[in-house]
Amino acid sequence: MEARGGRGGRGGVASRGSRVMAAPEEPCGSRAGGEPGREAAGLSGARGRRRARGAAAMFRCGEEIVSGESEEESSGVNLMEFSDEILLHILSYVPCTDLVLNVRRTCRKLATLCLDKSLTHTVLLQKDYKVNKDKVKQLMRDIGKEIYQLNMAGCYWLPSSSIDHITRCKNLVKLNLSGCHLTSLHLSKTLSMLQHLRSLAIDVNPGFDAGQLSSECKATLSRVLELKQTLYTPSYGVVPCCTSLEKLLLYFEILDRSREGFMLSGQLMVGESNVPHYQNLRVFYARLAPGYVNQEVVRLYLAVLSDRTPENLHAFLISAPGSFAETGATKNLLDSMARNVRLDALQLPKAWINGSGLLQHLKFNNPFYFSFSRCTLSGGQLIQRVMNGGKDLKSLTSLNLSGCIHCLAPESLFRKAEDDIDSSILESLVVSCCNLRHLNLSAAHHHSSKNIGNHLCQLLARLKHLLSLALPVCSISDVAANMEKPPMQSNVTPQTLGKKVWIGIQTYSNQKPQSSVFWALMGSLPFLENLEIIGSSFSSAMPRNEPAIRNSLPPCVRAQSVGDSEVAAIGQLTYLQSLTLAQLPNILTGSGLVSIGLQCQHLRTLSLANLGMMGNVVYMSALMDMLKHCKCLRDLRLEQPYFSAGAQFFQALSHCSSLQRLCIVSRSGTLQSDAVMSFMANCLEVIMCHMFMGESLTVCKNLQQSIVRR
């Protein structure tokens, strides 16, 4: 079943590998590759809002003192005595709308500080769900001329008339309108007044007509250097008007069928024959959603590139799910790139790399991002063709080898996927790419040998700069240590004849195993922010870019030795912000989750799937204890058969005061509607609630209506 509060968006259900090393939103910026790293010590999100509310309260105390009350009579701290630099730093955590519309009206000093250029230069309305059309109008009227960067991405609740007020921002340089209601006429009217605009992000929806753009609008677009365009209909959008483009980000979200059920064509409509201008292009990035129409349209964009490859092109990235066959035009494009350009970032569909000698001919300058997801790339090819025989690659910060089952083996011809890796290949990679910040080795069997000192975890521990890491469950298994242990008892409670087995209150014990390689790895990566530990054969019941498989493959044999102790080791990651755990069959109590909740106080995103026995949610008690400590958690995704979302679960979840998005995927699962409503009443920040359970359609509809009415 599915119940929603607000609008969940397209990405409500995450799939394997969607967090760490996903296709970059800004692939060639300072955070290129994988999930962008964030400043670990910074204040943000709910924590920042709490500081902001506290600051606002203290400002009121200061106002009382300014208005005549003596310090002796006031119990608050007089912030007005702080330096302007300190006050500006505090105010930087307050949303701009609050600064301009509320805080600056408290006293004269704050009225001046709240309009400081450092606070009004960049205005972020993205995910600010309390902003309405009247606030946007007042904000633009008060500080429109001071705004240089405006981000309204995802403000779907604002009417298109709100966009018209942007015309007051005469000095605007960067504008993000992705996800906003925007017609061709509104876009034309807005851009006609923004002569200094250099960066733009928009959606192209059905009905978009480039012929309605005025000459003034086209003149503005001709000066745009960066364009992010999300396509929901076959179209070139505004690309032909952007004659000075240096950075082009394309997101293809076109459905194969219309809402009426008609098949769509990838051919561009009449009037869309203008050719894009790529002569100045430095960055080309395209991300495709599943569907043949998206593939047809992206080929039309690439056809121009194949005729004449830009000389300054240094980043070429295409993220395509499933099979995306190579054509003559794309082959000509790649051949031209091999002859004429030197790349810094590369990502191609697997069909374009497998079986070809492309990597042998491409030239690289100072590469910082490589993605070879799902490619049949052997370790020998990786070292010789990509790493230049193990030479220095300190510039590389992001490497995606997800699904490359042979990438840590010398040759793939006679090798089985479950064979041990060649530790010398991994060691060469670690030595050459010592500055890696994002590494994805998931969706493969990377089994370490029994030799001491050559375990995968021991070698990865040398990468001190890692911010995000994705590993298969079997790769963290310590074979040498497990051989010394006595045989493990089965985690299945024995059946008795006519006599119930009493299991007492769960107790948690997570002592550090002696010489555990995974414990040592977690201890050596103190600044890791994003971690994925996913079973090699795991397949989500509701994936984003892959076909749904009801009966997934059984877990790897070596994964059977990974359990609660290894999960507890993750608690050493003080600055952890995002965690995904999937297909860990040896979870007995889930006690390690409690350690994470207690020690990882920066955790914002948590995704758990298929932990322990599939027929029983063995970690429910530990999960509820964990949630009571997750004050900063914003996104929670649970995928587990027979999950019972009852009153106790939602009561524990109510402690997550910052929660914004909840998704539960559970075959044969149950829920209590009253508990859901009580949870929604307590957690006022929730804007998305997806629950795919085993309840009846009537229960689903009634619950959805109740949530929407609130």
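## Cysteines

Is Cys457 buried or exposed? Cys457 is buried, at 1% relative accessibility. The model is predicted.

How many disulfides does the whole structure hold? A search finds 0. Cys404 is in no disulfide. Its nearest cysteine sulfur belongs to Cys407 and lies 5.3 Å away, whereas a disulfide needs two sulfur atoms within 2.5 Å. Cys404 is also buried, with a relative accessibility of 0%.

## Salt bridges

The count of salt bridges comes to 10. One of them pairs Asp84 with Lys109, with 3.8 Å between the closest N and O atoms. Asp84 sits in helix H2 (residues 84–91) and Lys109 in helix H4 (residues 108–113), so the bridge ties together parts 25 residues apart in sequence. Both ends are partly exposed: Asp84 has 36% relative accessibility, and Lys109 has 29%.

Arg558 and Asp420 also meet in a salt bridge, at 2.9 Å from N to O. The two residues are 138 residues apart and link distant parts of the chain. Arg558 is in the loop between strand E14 (530–534) and helix H18 (564–569). Asp420 is in the loop between strand E11 (398–400) and helix H14 (423–432). Asp420 is partly exposed, at 34%.

A further salt bridge joins the side chains of Arg637 and Glu639, at 3.0 Å from N to O. Here Arg637 and Glu639 are both buried.

## A charged surface patch

Which residues gather in a patch of positive charge on the surface? They are Lys137, Arg141, Lys145, Arg168 and Lys170. Lys137 belongs to helix H6 (residues 133–143). Lys137 is partly exposed, with a relative accessible area of 36%.

Terms used:
Residues are numbered from 1 along each chain as its sequence is written. This is a predicted model: local features need pLDDT of at least 70, side-chain atom pairs count only at pLDDT 80 or more; totals for chains, interfaces and linings use all residues. Side-chain values use heavy atoms; hydrogens and water are left out. Patches are made of residues with over 30% relative accessible area and no salt bridge: like charges are joined within 9 Å, nonpolar side chains (Val, Leu, Ile, Met, Phe, Trp, Tyr) within 5 Å. Accessible areas come from the Shrake-Rupley method with a 1.4 Å probe; for residues, only the protein chains shown count as cover. A salt bridge is a side-chain nitrogen of Lys or Arg within 4 Å of a carboxyl oxygen of Asp or Glu. Lys and Arg count as positive and Asp and Glu as negative; His and the chain ends are not counted. The place of a charge is taken as NZ of Lys, CZ of Arg, CG of Asp or CD of Glu. Helices (H or I, at least four residues) and strands (E, at least two) are DSSP runs, numbered from the N terminus. Buried means under 20% relative accessible area, exposed over 50%, partly exposed in between (1.4 Å probe, protein chains only).
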